[in-house]
Amino acid sequence: LPISARGGGQGQYGRGVGLIQDHMQPQPMPSGRTAVMATRWVGTARSHVWTHQPLQLCSGTARSSTSSGGRKHAGDSSSLRRYAPVLGLAVLGPTRRSWKRSLVQARVSLKAVTAPDVVEEDSSSETTSKRPPLRLERDSGGGLSNLTLTTPLFYANGSPHIGSAYPAIASDVMARYGALRGADVHFVTGMDEHGEKIAQTAAGQSKSPQDLVDGYAGEFQDLWELLAVKPNHFARTTLDRHKEIVAEMWQRCQDKGDIYKKDYTGWYCVGCEAYLDDDEMSEGHVCKIHQKKCECRSEENYFFRLSKYWDDVRRHVESNPDFMLPTTRRSQILVWLEDDNKRDFSISRASTSWGIPVPGDDSQVIYVWFDALLGYLSSLLRPEDPATLDAVLKRGWPADVHVIGKDIMRFHAIYWPAMLLSADLPLPKHICTHGFLTKDGLKMGKSLGNVVEPVPLVENFGSDAVRFFFASCLSFGEDGDFSYECFIQRVNGALANELGNLLHRLLTLCRKNMTEPASALDLADEAGKAELEAHPVRAEALKAPAVVAAHYEQFDIPKAAAAALRIATVANARMNEVAPWIKLKKGTDEEKQLAIREMLVMAEGVRIIGSMLSPVIPDISRKIFDELGVDGGVSWKETEWRWDALPGLAAETKPAPIFQRIDMEPWKGK
């Protein structure tokens, strides 16, 4: 059904001109799914730069992997929106760059196709250009020597939600991978605890601000425990040592002549804790994010000379294409860094007392972003360390990776590097941004009743199922959609069917037919040994560790998981081909020996899968190791092929499922 839609208006979006044209092409998807892939070309009259972006429409949702980082807003795409329910599609509005109002014209032609069984991956060169390998410090043996990564410091104004869990899970996966590779890991998460909004919320609940943030900090730590997220450092910006770090940073910037005081008038959003530009507000000075009218404020503030470091930051972004990941985000940062956007920014507030006082001026507190960004540094200090910036440099700084949402790129990619340059501190190597999460194609919100709460999710499905879906089934860096149907299908397909069922069949057959542990090589003659060396499961398992490691180090967890699970795919195909249950029941002694040898090879493949996926599904991996009677999850060397006997295959106990299949029926329509 071809549909054309044209949206946007001169009056609503102003003078800037943009053009989006979508050419839809069928794409391979899992069997029975309906999908289309659009090639989106986005250009602006101002920059005369055209960029290619994929737009995926799949299973009732539309997801755009926009590189601009701008917010999505609704155009007047009435025709497309009218017919979207017929197609089973939820249509997101056209994207715009946050620095420019735009007139949007969209022409979309949709063709639904029944997808084949095979999912084709992106070409390696295209993937590498978008996700280049992280520049990680290595030891002489090729392992990792250090890994420092951070989540955002979460604003202590409410309970954690699934958007908080998403970057924490991904960061924990990378931290666990780093530990397997021998790295000295510094995994930082924590709380941003100052600001006017927190003071207002506390007053509304008849609490002190400190009591409020203490309570929310406890909730976040409880959630991390439920999700098996294990940070090495938990930042609290209300701690005394953090305040000392902030005071020293202020002094360093002031000594450079980079802090000054002036009067300022602007439209202030308490929710954003920021003065907003015109393009960040709707008519009537309404914040586009919080949908609340901003306050016109005039006050004398301290300012940081961001403009002094503007060109330095731009040169850094230009000369380090992997500074922003995925690299498609880089274009948005460079737009923000154009000369006519050059500015300084306010780093103090006189409107609230809940914050760190400005050194030498108790009438103002330090702006929450200047304060919070330094939590990445202060949290690295050990209890015995002096609270100084020099001490931080000995404890893991600079960060290898900041993991953030794309909505806070400006602060991390422009303000933060400038502050560090002013203080003569090294910059982080990479800023890895993730997209937004939606529910059934719609933005989550309490008014829609579609918020996905992480605690009930874990309580109903288990931490590994939640970790696997959000780390391995959503492309980190792009917007991702959650639905219970998709969640259950993906988790059941990979963990229950592909991996769990394979191991359960192997354990059941081996424990019925083996009286003692044995190596496959010990059960084979010379000809049989040659066949085992060339076994397809072994061949896949030999090449998988390097492929999986490469994807982890591109921060591409979905491809790392897929490469690991490919061993299970090969093993299941081999299992059906060999049919060991028939040979063990009706075959000759030689055929029975062959069946046992085949299963021993497959079981070794499962052990290696457990080792490679232990950063993603630590609990299931532990169950795999326990059932096989081996140790695991300690070192990446465990991903190497071994011909050792697996004691658990000859155990006398009945095997326990490593993952119980989830019943879809109770969750339909939820």
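Reader: Let's start with Tyr484: buried or exposed?

Author: This is a predicted model, and in it Tyr484 counts as buried, at 15% relative accessibility.

Reader: Which ring does Tyr484 pair with, and what's the geometry?

Author: Tyr484 pairs with Trp667. The ring centres are 5.1 Å apart and the planes sit at 25°, so the pair is stacked. The cut-off for stacked is under 30 degrees.

Reader: And Trp667, buried or exposed?

Author: Trp667 counts as buried, with a relative accessibility of 17%.

Reader: Which residues are in the ring cluster with them?

Author: Ring pairs join Tyr484 and Trp667 with Tyr166, Phe461, Phe469, Phe470, Phe476, Phe482, Phe487 and Phe555 in a cluster.

Reader: OK, how many aromatic pairs does the count come to?

Author: The count comes to 30 aromatic pairs. One of them is Trp397 with Trp416, which is edge-to-face, at 6.0 Å centre to centre and 70° between the planes.

Reader: Where are Trp397 and Trp416?

Author: Trp397 is in the loop between helix 12 (389–392) and strand 21 (401–405), and Trp416 is in helix 13 (residues 409–422). The two are 19 residues apart.

Reader: Are they buried or exposed?

Author: Trp397 is buried, with a relative accessible area of 5%. Trp416 also counts as buried, at 0% relative accessibility.

Reader: Switching to charges over rings: what lies over Trp336, and what sits over Phe303?

Author: Arg410 lies over the face of Trp336, 4.4 Å from the ring centre. For Phe303, the charged end of Lys262 sits over the ring, 4.7 Å from its centre.

Reader: Back to helix 16. How does its axis cross that of helix 15?

Author: The axes of helix 15 (residues 463–472) and helix 16 come within 10 Å and cross at roughly 100°. That makes the two helices roughly perpendicular, because angles of 65 to 115 degrees count that way.

Reader: Which residues make the contact?

Author: From helix 15 they are Asp464, Ala465, Val466, Phe468, Phe469 and Ser472. Helix 16 brings Cys486, Phe487, Arg490, Val491, Ala494 and Leu495. Two of these residues, Phe469 and Phe487, also belong to the ring cluster with Tyr484.

Reader: And how many are nonpolar, polar or charged?

Author: The contact has nine nonpolar residues, one polar and two charged.

Technical notes
Residues numbered from 1 in each chain as written. Predicted model: local features only at pLDDT ≥ 70, side-chain atom pairs only at ≥ 80, totals over all residues. Heavy atoms only, no water. Phe/Tyr/Trp six-rings, centres within 6.5 Å; stacked < 30°, edge-to-face > 60°. Helix = DSSP H or I, 4+ residues; strand = E, 2+ residues; numbered from the N terminus. Buried < 20%, exposed > 50% of the residue type's maximum accessible area, 1.4 Å probe, protein only. Lys NZ or Arg CZ within 6 Å of the ring centre and 35° of its normal. Axes fitted to C-alpha atoms, helices over the stretch in contact; angles between N-to-C directions. Parallel < 35°, antiparallel > 145°, perpendicular 65-115°, else oblique. Contact = heavy atoms within 4.5 Å. Nonpolar A, V, L, I, M, F, W, Y, C, P; charged D, E, K, R; others polar.
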